[in-house]
Amino acid sequence: MTLTNPPLAYATVSEVAADSGVAPSAVRFYEKHGVINAVRTAGNQRRFDESAACRIHVAKLAQRVGLTVREIAELFSALPADPGPEDWGRVAERIVTEAEQRVADLKSRLELLGSGARLCDLGAALDS
């Protein structure tokens, strides 16, 4: 999409980077992978809506609990253009559920590691 006169609410790569605490290259990375979306001006410059910085903050949090950028983009794909508190609440629930599942999986693997079995046998058991 190209905007001839983008609204003032649209931010540049640098502004989103500053607001979200990441490098401009990270903003472009998140855009490339569908975590945030840009529109293009008539001069082909990227412009992001006001939710972009928030989406990056949430994406960084989700990455810290183990979600991949692809999983995060999929999670965000159901969000409306201007997410409200209820929308973000649903995202939070899904991140918490995913994090809890990953913690449970890790605890299970830690129990196996502490079982005294041979590590190579454990690795084979985990692969099946």
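Me: How much of the protein chain is made up of buried residues?
Reply: Buried residues make up 31% of its 128 residues, where buried means under 20% relative accessible area with a 1.4 Å probe, protein chains only. Keep in mind that this is a predicted model: local features need pLDDT of at least 70, side-chain atom pairs count only at pLDDT 80 or more, and totals for chains, interfaces and linings use all residues. Residues are numbered from 1 along each chain as its sequence is written, and side-chain values use heavy atoms, with hydrogens and water left out.

Me: Ok, which residues touch the most other members of the largest nonpolar core?
Reply: That core has 26 residues, and Val27, Val35, Ile36, Phe76 and Val91 touch the most other members. A nonpolar core is a set of buried Ala, Val, Leu, Ile, Met, Phe, Trp, Tyr and Cys residues joined through side-chain atoms within 4.5 Å.

Me: And what does valine 91 touch?
Reply: Leaving out residues up to four places away in sequence, Val91 touches Val58, Leu75, Phe76 and Leu79; contact means heavy atoms within 4.5 Å.

Me: New topic: how many helices and strands are there?
Reply: Six helices and three strands. These are DSSP runs numbered from the N terminus: helices are H or I with at least four residues, strands are E with at least two. The pattern along the sequence is β-α-α-β-β-α-α-α-α.

Me: Where is asparagine 44 in all that?
Reply: Asn44 sits in the loop between β2 (38–41) and β3 (46–48). Its phi is near 65°, a positive value in a residue other than glycine.

Me: Last one, what does the C-alpha trace span?
Reply: About 65 × 30 × 25 Å along the principal axes of the protein chain.

Definitions and conventions:
Buried means under 20% relative accessible area, exposed over 50%, partly exposed in between (1.4 Å probe, protein chains only).
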